[in-house]
Every structure is written in C-alpha cells, then in structure tokens.
Amino acid sequence: MGLDLKMPDLGNLGDNVQPLECRVALISADRQLASDWVNALNITAAQHENPFGLRFEAVDADAAERLIREEDRLQALIVDAGAEAGGLAAAEALVDRLHGLRSQLNVFLMAQSVFEGQGCAVSVSVRQRFDELFDRREGNFNQMFRLVQAFIARRASTPFADTLKEYVFSARDAWHTPGHSGGDSLRNSPWVGDFYRFMGEHIFNTDLSVSVQVLDSLLEPHSVIQEAQDLAAQAFGAEHTFFLTNGTSTANKVVIQQILGGGGKIIVDQACHKSVHHAIVMNRCEPVYLKSTLHPQFGIYGPVQRADIEQALDEHGDASLLVITSCTYDGLRYDLKPIIDYAHERGVKVLVDEAWYAHGYFHSELRPTALECGADYVTQSTHKMLSAFSQASMIHVQDPDFDEFRFRENLNMHASTSPQYAMIASLDVARKQMAMEGYSRLRQCLQMVETLRRAVDDTGVFRALTREDLIPAPLADDNIRLDPTKVTIDISASGYSGKEMQIKLFDQYGIQVEKTTYNTVTVLVTLGSTESKLLRLIHALKQLARSARRRPNTGTPRRLPEFTRLTCLPADAYFADTEELPLMDNGALAEKHLIGRTSADEIVPYPPGIPVLVPGQEISAQIVQFLQQLLQGQNATEIHGLIFRSDEPMLRVVKERGETGGKKPRKKNASR
C-alpha cells in the first residue's frame with residue numbers, strides 16, 4: 001500500500017512558526033524489541049530527508065492514553081500485537097479506544113501471527129483499523145520510515161490548494177473569464193486601484209475560470225478537487241464528502257432534494273434554518289413541524305424533546321426524512337444516536353445540520369458527532385468554526401442507499417458553474433489544519449473557554465451560563481450536551497439589555513460579539529481566538545461590570561406564538577394567487593382581515609430566527625398581535641418576509657375561494 005507523494009514545500013515558514021516535529025509512538029509490551037525498533041527508526045530518520053521532523057519513541061499501553069491526550073505533536077502510532085495468540089484482538093481493542101480519543105492519527109500494526117497461515121490474506125477488520133502492516137521479524141527500517149512518512153504526508157497534503165498555487169505562480173496569460181484578468185483591470189486604475197491594493201493580488205489571481213482544466217471541475221471532479229474531497233471524507237469520518245461554495249443553505253437544499261425531490265413527508269424542527277423551510281417549498285414537501293423548547297429566563301430556543309421526535313416518527317410512518325439541528329446556534333447538542341436509531345428502525349433517513357459543529361470530530365470532549373451516531377447526511381459550515389472562507393461548506397454522506405449519480409445532478413442544480421477557487425482551496429486547507437493540528441488547536445480553545453468562564457464569573461455581575469443553566473426543564477432527561485466553544489453570558493444583573501451590551505463592547509472596546517438575547521450575549525471561541533483577544537475581552541467585561549447599573553434587567557423574552565396548522569402544502573401557498581393585507585392598520589382592523597387567512601410567505605423575526613409563519617400556515621390573532629408588537633417601539637425587531645408598501649408592512653396571503661384569480665392552493669392537513 002505504498003504512497004508516492006511529493007514532499008511539501010516547507011520553506012518561508014515565517015519568524016513565528018516553529019519547525020515541524022511529528023512524534024510517532026511505538027506501543028509495545030516487549031521493551032527490548034520496542035527499544036531496538038525506536039533506535040533504528042530514529043537513526044534512519046537522521047539519515048534521510050525528514051521534512052516533518054519525525055521522531056520515534058516507545059511507550060506501553062498504559063502510557064499511550066496519557067500521551068494521546070497531552071502530546072499535541074503526536075501524529076502516528078505503531079501498535080505491537082506481539083507474537084502470542086490473542087495479541088491481534090487486544091491490539092484492535094486498544095486502537096478502537098485510542099481512536100475514540102483522537103481520530104486523526106495514522107496507525108500501523110506491527111504483528112507476527114496475523115500473517116502466519118493466511119498467505120496474503122488479511123482480515124477486513126485489520127485493514128479498516130490500520131494504515132499499514134509491519135512484520136515484527138522484519139528489519140527494513142528504511143522502508144518502514146518511508147511508509148510512516150508517506151502516510152503523514154498524504155494527510156498533510158492539499159492537492160487542490162497546491163495546484164492552485166502552482167498555476168498562479170506559473171504566470172499564464174489569461175484570455176478567459178473573469179473580466180478582471182487576474183486583477184489587471186484594476187491594478188493601475190486611478191479610480192479602483194485602491195481596491196486592488198486593499199484586497200491584495202492573490203485575491204484576484206486565484207479568481208480563475210472553469211476554463212483552467214488543471215484545476216479540475218467542482219461540478220464533475222476527477223482529479224485534484226476529488227482528491228481533496230476524498231481527504232476530507234477521511235478526516236471527518238464520512239463515506240463521501242462534497243465541497244460547496246455557496247454555503248450550508250445550499251447544502252441543506254441539495255440533501256432534501258436528494259431524498260424528497262418532487263414531494264413527500266419531512267419531519268423537521270420548526271426552529272431549523274430557513275434553508276430547510278425554503279427546500280420544503282421548492283420540493284413540494286409535506287412538513288411535520290416539531291416544536292422547539294424555550295428557556296423562559298433567557299429567551300433561548302433549544303432542541304426538540306426526544307419524546308416529540310419519537311411520537312412524530314410513530315405517527316408519520318410515511319415520512320422519508322428527519323431533519324435535526326445539532327448543535328444549535330447556542331451550542332446545545334442532541335443525544336443523537338438513540339434518535340437516529342429510532343428513525344432508521346422506521347425506515348426514515350436522517351439529515352443533521354451541523355453548521356455550527358464542523359469542529360466536533362477533532363476532540364474527544366466534543367464527540368460523538370452526527371456521523372459517528374449514524375446520520376445519513378451531515379451538512380457543515382466549514383467557515384463558521386474552522387479556517388475556511390465564508391460560504392465554504394461541506395456535505396458528508398454515509399447513506400447506505402446513496403445514489404451518487406443522482407446526488408451530483410441535484411448538487412449541480414444548485415451550485416454555480418463559476419465557483420470561487422479560493423473558497424475551494426480554503427476548504428482543502430481547513431481540512432488539512434484539522435487533520436494535522438485540530439486536536440491541539442481545540443485543546444487551546446477549551447483552555448481559553450475555562451479562563452473566560454472563570455473571569456466572567458469573577459466579575460460578580462456577569463455570569464457564564466452552564467449546560468444546566470441553558471437547558472429548558474422539558475429537556476432535563478434528554479441527555480442534551482453543550483458545545484463549550486459557545487460561551488453565553490448572563491448580563492441581567494447589570495441592568496443592561498443584550499443590545500446595549502453589544503453596542504458598548506463594540507463602541508468602547510472594539511469587540512464584536514456573535515449574538516444577543518434581551519439579557520445575554522454570546523461569544524464564540526474558535527481556532528482564530530488568541531490570548532490577546534481573550535485578554536481584551538476579559539478587560540472589557542471587568543470594566544463594564546464596574547460601571548454597571550447593578551439593577552436587574554426586568555425585561556422578559558417574547559415567546560413565539562403557537563404554531564396553528566397548515567391549510568395546504570407550503571408550495572401551494574407560496575405559488576398560489578395572493579393578495580397583500582396590511583399588518584398594522586389600526587390593530588384590531590388588521591386582525592379582522594388577517595385572522596383565519598393562509599400565509600403565502602415565511603415570516604421570520606431576527607432574533608431568534610424562527611419562523612412565526614410558514615407558507616400554508618393559518619394566521620391567528622396571537623400571531624398578528626405578536627408581529628405588531630415586534631414592529632412597535634424604539635427597538636423594533638428585524639422581520640424577514642414582510643412586504644413594505646410606502647413604509648406600511650404587509651402580509652402576503654392566499655386569495656380565498658370566490659375571489660378573483662385562478663390558481664388555488666390544494667387543501668392539506670400537513671402538520672401535527
């Protein structure tokens with residue numbers, strides 16, 4: 001299984017970048033053999049080209065777990081199965097346990113009995129667990145060293161990003177799109193040259209055309225893009241991985257079209273991302289909406305109760321897909337495996353929107369991920385928590401019934417035929433970073449989280465909310481977990497509202513937070529968080545705590561009105577003949593005209609970003625009053641989906657039977 005790989009260019013590392021050092025642990029109970037092998041391999045490493053700085057060391061099984069948890073530079077394991085019967089089974093069990101701690105390490109088997117009496121045959125379980133096999137009696141350490149180095153090089157490679165860089169530096173003349181031609185249209189312009197200088201030359205000379213065949217095709221990959229996607233599938237634990245340059249919104253639409261294109265029943269959290277609601281309309285799906293839980297103290301909407309999911313699966317045996325968001329925007333994670341198993345027992349596929357959880361597979365404290373729990377499809381925003389550019393996302397697949405040809409067609413219906421190559425390269429590089437240093441970088445993130453949480457609590461005014469604080473009472477028995485990289489801070493004792501706190505942090509301290517509720521602010525601790533940024537955030541919070549009003553924030557969250565019912569399919573309502581009715585219109589008069597009518601649009605207040613109305617839903621008095629309240633006062637809420645005519649907010653509703661117009665919605669009781 002030898003690998004022929006070009007060693008990466010490690011020059012120009014920069015003043016602040018340390019030389020590479022990759023440690024390789026040989027795990028063996030035979031101290032003499034382990035010592036002999038390690039000495040021989042280190043001598044070999046000193047005599048050969050060693051760009052990764054491979055260094056071998058011997059440990060026993062008891063010390064291996066500690067090394068894996070604490071040594072960031074560890075990149076590979078050589079596991080000795082010994083010469084005795086039963087050694088192979090023990091080695092496989094050990095590797096499974098260690099894989100649960102760090103999934104990215106290359107693992108090699110050093111054995112004797114595994115080969116004896118089998119000819120050339122090696123069991124499937126061995127091939128699945130180990131990258132390569134070494135015979136304990138062999139003494140060709142040059143070959144062993146090269147194999148270990150080749151597998152690490154494979155994991156550290158970026159086939160697309162490297163090809164893009166090589167093409168740019170080859171300085172080809174461009175007689176193709178895009179029209180700026182590598183930035184030449186802007187460079188010397190007295191009007192827009194400043195933009196070129198601000199953005200930098202590589203933003204433009206990496207913006208290339210599909211005419212450049214050496215860069216492969218995102219829509220039909222066969223070479224470097226396919227290689228990059230295969231490496232991503234291996235890194236994230238998927239059977240197949242697909243890159244997208246227009247975000248997880250498109251990823252969700254592609255998967256739903258794959259399972260439900262043309263119609264069918266879908267079970268979905270009402271608080272799911274709006275792209276799922278859009279896909280329901282686009283594919284004429286019949287939705288079964290699940291109610292999210294609200295934490296009444298903080299105005300945070302959390303996961304759906306497991307009992308509600310199971311009830312929906314029992315009541316809708318004809319459903320084709322269950323869509324779950326895990327983790328939520330606030331970091332709440334489902335206990336996914338029992339839910340996914342329950343769905344699969346009923347023949348229902350599962351899509352997990354992991355837009356906020358692409359980092360989860362790379363640290364033991366954040367696992368298991370949706371793929372590990374058996375999800376058929378997982379969508380991830382690689383840009384949200386990792387190092388990819390905005391809009392760069394991935395779809396991971398492990399559906400046993402996966403139709404790849406049809407999937408590519410569905411993907412091509414939504415993807416641009418002119419993808420941004422810098423985004424594709426950023427996906428390749430973000431994957432490499434997580435494969436090579438994801439564990440160590442996340443370990444640093446988790447240490448920062450602990451420092452930040454202690455500092456927040458030490459202010460005596462602000463409080464970093466724990467998992468127990470954030471989980472609504474109905475979810476107490478659902479084994480909900482918290483992604484610690486989302487730090488939600490209770491500011492209610494300060495007297496400031498979340499919006500006021502956000503403005504103070506930005507205007508006075510130059511700090512932009514991720515989100516707010518009426519009495520919380522949330523910050524993300526990502527791979528890009530630094531000790532200096534952490535210091536400035538802690539300083540700002542301490543200063544604001546000293547100047548706080550120190551009177552309770554007595555505001556209350558606005559509870560979303562109850563979901564009413566669907567009078568027809570969302571697609572029928574969206575594409576039906578409609579009319580626009582005023583939402584305000586002296587209050588009571590608007591209610592009279594709107595109550596009982598069917599919404600043609602999705603109406604979404606931000607925050608929290610959960611639809612109050614979806615196409616096909618019956619409008620109630622409670623919904624009308626809720627929307628009116630959001631639009632009144634000085635702190636009017638942003639609402640997506642409303643139509644404004646001369647500054648008057650209007651709702652688009654389906655024309656009733658008997659009114660002028662031909663196309664009418666098909667009646668359908670489509671929701672619980």
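Visitor: Which residues of β18 are buried on one side, and which on the other?

Guide: Lys-486, Thr-488 and Asp-490 are buried on one side, Val-487 and Ile-489 on the other. Buried means under 20% relative accessible area, exposed over 50%, and partly exposed in between, with a 1.4 Å probe and protein chains only. A note on the source: this is a predicted model, where local features need pLDDT of at least 70, side-chain atom pairs count only at pLDDT 80 or more, and totals for chains, interfaces and linings use all residues. Residues are numbered from 1 along each chain as its sequence is written, and side-chain values use heavy atoms, with hydrogens and water left out.

Visitor: Why is strand β18 called largely enclosed?

Guide: 5 of the 5 residues in β18 (residues 486–490) are buried, so the rest of the structure largely encloses this strand. Strands are DSSP runs of E, at least two residues; helices are runs of H or I, at least four, and both are numbered from the N terminus.

Visitor: What makes β18 and β20 a pair?

Guide: Pairing takes at least two DSSP bridges between two strands. β18 and β20 (residues 520–524) are joined by 5 bridges and run antiparallel. Val-487 stands opposite Val-523 of β20.

Visitor: Why is α13 called roughly parallel to α14?

Guide: Helices α13 (residues 306–315) and α14 (residues 336–345) pack at about 5 degrees, axes 10 Å apart. That makes them roughly parallel. Angles under 35 degrees count as roughly parallel, over 145 as roughly antiparallel, 65 to 115 as roughly perpendicular, the rest as oblique. Axes are lines fitted to C-alpha atoms, for helices over the stretch in contact, and angles run from 0 to 180 degrees between N-to-C directions.

Visitor: What makes Phe-108 and Phe-151 an edge-to-face pair?

Guide: Rings of Phe, Tyr and Trp (its six-membered ring) pair if their centres lie within 6.5 Å; planes under 30 degrees apart are stacked, over 60 edge-to-face, the rest tilted. Phe-108 and Phe-151 have 5.7 Å between centres and 75 degrees between planes, hence an edge-to-face pair. Phe-108 lies in β4 and Phe-151 in α5, so the pair ties together parts 43 residues apart in sequence. Both residues are buried.

Visitor: How do you know that Tyr-377 and Phe-402 are edge-to-face?

Guide: Their centres are 6.4 Å apart, and the planes make 65 degrees. Tyr-377 sits in β14, Phe-402 in the loop between β15 and α16. Phe-242, Tyr-377, Phe-402 and Phe-407 form one aromatic cluster.
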